[in-house]
Amino acid sequence: MKKIISVLGIVIIFLSIYFLQSNFFSWFNIYSIKPNLFMIFVIFLGLFLGKEYGLTFGILLGLILDLFSSQIIGINAISLGAAGLLAGILAKNFSIEHKFTFIIIASLLTFIGESVYYALEIILSEAEVQLIIFIRILLIEIIFNDLIIIIIYPVLNKIGEKLKMMLEDETNYIKYI
């Protein structure tokens, strides 16, 4: 039952993020560049819940985004899935209790995820490579994402810890008895 409630909560958060991304940040942007709240969310899931949840939700949420907004189905799924998987892997090696560590990991994974997205878009749509423009957009997006993480980190940390507790297997408690 706790897992169902947790997954339902993740879906509700995703829908809220979709609303913010498509409405609020249409007005609040820097040089028409918006933060990637979906990337932040998938990285958050990977860091707190592990690589399996990060990968699974990254792919599922990416597919939903692809169906709503992308011309090429699968690009968001691959880039978000990769970011979620890598976040889960990095969570095993770094302490995410510190805001600075979370920001560094999010910056790195935003860079990787957006680079994967851009590379796939160029390959699959045969678009022209515009590296300088991409780097400018990427740097602004990373800074924007980091500012949002700085603001909402305490909430992310509390939600992440609660989700982690709710999704743990009950068998973990048996070994302490």
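How are helix 1 and helix 6 oriented to each other, roughly parallel or roughly antiparallel? Helix 1 and helix 6 are roughly antiparallel (angles over 145 degrees).

## About the model

This is a predicted model, in which local features need pLDDT of at least 70, side-chain atom pairs count only at pLDDT 80 or more, and totals for chains, interfaces and linings use all residues. Residues are numbered from 1 along each chain as its sequence is written, and side-chain values use heavy atoms, with hydrogens and water left out.

## Overall build

The protein has seven helices and zero strands (DSSP runs numbered from the N terminus: H or I of at least four residues for helices, E of at least two for strands). The C-alpha atoms fill a box of roughly 60 × 30 × 30 Å along the principal axes.

## Helix 1 meets helix 6

Let's return to the opening pair. The axes of helix 1 (residues 2-27) and helix 6 (residues 131-167) come within 10 Å and cross at roughly 165°; these axes are lines fitted to C-alpha atoms over the stretch in contact, with angles from 0 to 180 degrees between N-to-C directions.

Helix 1 brings Lys2, Lys3, Ile5, Ser6, Ile10 and Phe25 to the contact (heavy atoms within 4.5 Å), while helix 6 brings Phe144, Ile148, Leu163, Met166 and Leu167.

## A look at helix 5

Helix 5 (residues 99-125) has 27 residues, which at 1.5 Å a residue should span 39 Å (1.5 Å times one less than the number of residues). Its end C-alpha atoms are 38 Å apart, which agrees. After helix 5 comes glutamate 126, with a positive phi near 55°.

Terms used
Angles under 35 degrees count as roughly parallel, over 145 as roughly antiparallel, 65 to 115 as roughly perpendicular and the rest as oblique.
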